[in-house]
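Subject: Structure handover

Hello,

Here is the structure I promised to pass on. Please open it first, then read the notes below it.

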Amino acid sequence: MQPMPEDWTRAVAVVAHPDDLEYGVASAVARWTGQGKQVAYLLATRGEAGIAGLHPDQVGPLRAAEERRSAAVVGVREVEFLDHRDGLVEYGVPLRRDLAAVFRRLQPEVIITMSFDLTWGDSGMVNHADHRAVGLAVLDAVRDAANPWVFTDAGPAWGGASEVYVAGVADPTHFVDVTDTADRCPELTPYRMLIAERLADGIMTAHVFNRALDPEFPATLSRATITGLLRGELGFDGPVVTDDLRMRAIEQHWGLEAAAVRALAAGADILLIANDRLPDGGSAAQAVLTKIRTRLLSGRLDPEVVEAALARVRALKARLGDG
Ligand SMILES: [Zn+2]
């Protein structure tokens with residue numbers, strides 16, 4: 001992988017939903033705005049169909065406001081919504097036209113969007129239909145924006161967008177190092193608030209790597225992050241769930257079973273395996289259980305770690321009335 005070039009001044013980041021950019025891209029955006037670059041956010045929807053139990057009329061304004069605040073934290077003032085329908089975004093000429101019109105008006109040199117692959121990684125979950133529609137339309141709208149003979153009523157053509165970057169793909173080619181620009185204070189504020197108000201029933205780790213937090217392991221496998229920062233410094237005593245241990249960055253680099261044992265030892269309580277079927281037809285969960293038993297028997301995994309995990313899961317179940 002190579003570092004993403006930074007010899008540009010204007011970018012637009014385009015995604016389907018409020019929160020899509022907060023899964024990683026925003027950290028890079030903070031670095032860029034810190035360099036004086038201009039970044040605008042463009043969202044196809046307001047995410048109004050995204051919260052079970054809350055009506056879209058309430059959720060749309062709430063999530064749009066959240067997105068504006070999140071953008072402000074990383075130095076982004078321009079946040080636009082195309083108001084396509086959340087959950088029902090269609091790839092097609094109307095979406096391409098809306099995107100091209102914004103590209104022509106904002107004249108970005110760089111455009112950033114999110115994975116529009118069918119699945120997250122080879123064995124991961126199916127990627128949201130809206131993500132697939134928006135990502136593909138972004139690629140096409142960059143070309144549309146540059147063609148003066150299409151969408152002639154959507155402003156003068158803009159052919160200056162020379163790079164499109166797609167975040168969250170299985171085989172990335174570029175990276176942005178945010179170790180020195182990531183600011184602990186705003187990033188940890190939501191954790192401090194939710195933990196203090198006892199609103200965090202559980203916390204999911206990510207397989208992100210920050211050498212300032214742990215020079216060796218990504219958060220999901222990091223004792224410094226889960227036990228040190230989350231439980232020690234932030235005082236969280238609820239269950240910690242890993243992100244999918246079969247994601248390529250984890251499974252290929254560490255091995256599924258070794259990663260599972262390491263996550264437990266780091267302080268995780270629930271190990272997430274999104275796709276149980278291994279390439280040889282076996283069960284990933286069974287393979288992990290076998291490994292955990294072996295390590296316990298050989299004394300290489302502390303049984304107290306497993307006991308503590310079980311106790312936290314039981315406490316959560318009791319709290320949720322399923323004990
Ligand atoms: Zn989304």
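Start with strands E2 and E5: they run parallel and are joined by 3 bridges. Within that pairing, Ala13 has Ile112 of E5 as its bridge partner. Two strands count as paired if DSSP finds at least two bridges between them.

Two notes on the basis. This is a predicted model, in which local features need pLDDT of at least 70, side-chain atom pairs count only at pLDDT 80 or more, and totals for chains, interfaces and linings use all residues. Residues are numbered from 1 along each chain as its sequence is written.

**The sheet**

E2 and E5 belong to an open sheet of 5 strands, with parallel pairing and the order E4-E3-E2-E5-E6. At the edges sit E4 (79–81) and E6 (163–167), each pairing on one side only. From one strand to the next, the twist averages 20°. Axes are lines fitted to C-alpha atoms, for helices over the stretch in contact, and angles between N-to-C directions run from 0 to 180 degrees.

Met114 has Ala167 of E6 as its bridge partner.

Helix H2 (residues 56–73) lies across E3 and E4 and runs at about 155° to E4.

**Inside the sheet: E5**

Is E5 enclosed or open? 5 of its 5 residues are buried, so E5 is largely enclosed by the rest of the structure. A residue is buried if 20 or more other C-beta atoms lie within 10 Å of its own, exposed if 12 or fewer, and partly exposed in between, with C-beta atoms placed from the backbone. In a regular strand, side chains alternate between the two faces of the sheet. Both faces of E5 are covered: Val110, Ile112 and Met114 are buried on one side, and Ile111 and Thr113 on the other.

**Two cores**

A nonpolar core is a set of buried Ala, Val, Leu, Ile, Met, Phe, Trp, Tyr and Cys residues joined through C-beta atoms within 7 Å. The largest has 44 residues. Ala13, Val14, Val29, Leu99, Phe103, Ile111 and Val134 touch the most other members. Elements giving two or more residues to this core are E2, H1 (25–34), E3, H3 (93–106), E5 (110–114), H4 (129–146) and E6. H4 gives the most, with 7 residues.

Take Val14. Leaving aside residues up to four places away in sequence, Val14 touches Leu42, Leu99, Ile111, Thr113, Val134 and Val138. Contact means C-beta atoms, placed from the backbone, within 7 Å.

Apart from this core lies another, of 21 residues, including Leu230, Leu264, Ala268 and Ala284. Leu264 lies in helix H8 (residues 256–266). Leu264 counts as buried because there are 24 C-beta neighbours inside 10 Å. Residues up to four places away not counted, Leu264 touches Ile292, Leu301, Val305, Val306 and Ala309. The C-alpha atoms of Leu264 and Thr220 are 9.4 Å apart, although 44 residues separate the two along the chain.

**Two domains**

The chain is assigned domain 1 (2–175) and domain 2 (184–319); such bounds come from an automatic or database domain assignment. Taken over C-alpha atoms, their centres are 31 Å apart. Their contact takes 7 residues from each domain.

**Helix H10**

Where does H10 lie, in the open or enclosed? The number of buried residues among its 17 is 0, so H10 lies largely in the open. H10 covers residues 303–319 and should span 24 Å at 1.5 Å a residue, which agrees with the 24 Å between its end C-alpha atoms. The expected span is 1.5 Å times one less than the number of residues. Gly321 follows H10 and has a positive phi, near 75°.

Most residues other than glycine have a negative phi. Asp83, in the loop between E4 and H3, has a positive phi of about 60°. Asp83 is partly exposed, with 14 other C-beta atoms within 10 Å. Gln107, in the loop between H3 and E5, has a positive phi near 50°. Gln107 is partly exposed too, with 15 other C-beta atoms within 10 Å.

Best wishes

Technical notes:
Helices (H or I, at least four residues) and strands (E, at least two) are DSSP runs, numbered from the N terminus. Two residues are in contact if their C-beta atoms, placed from the backbone, lie within 7 Å.
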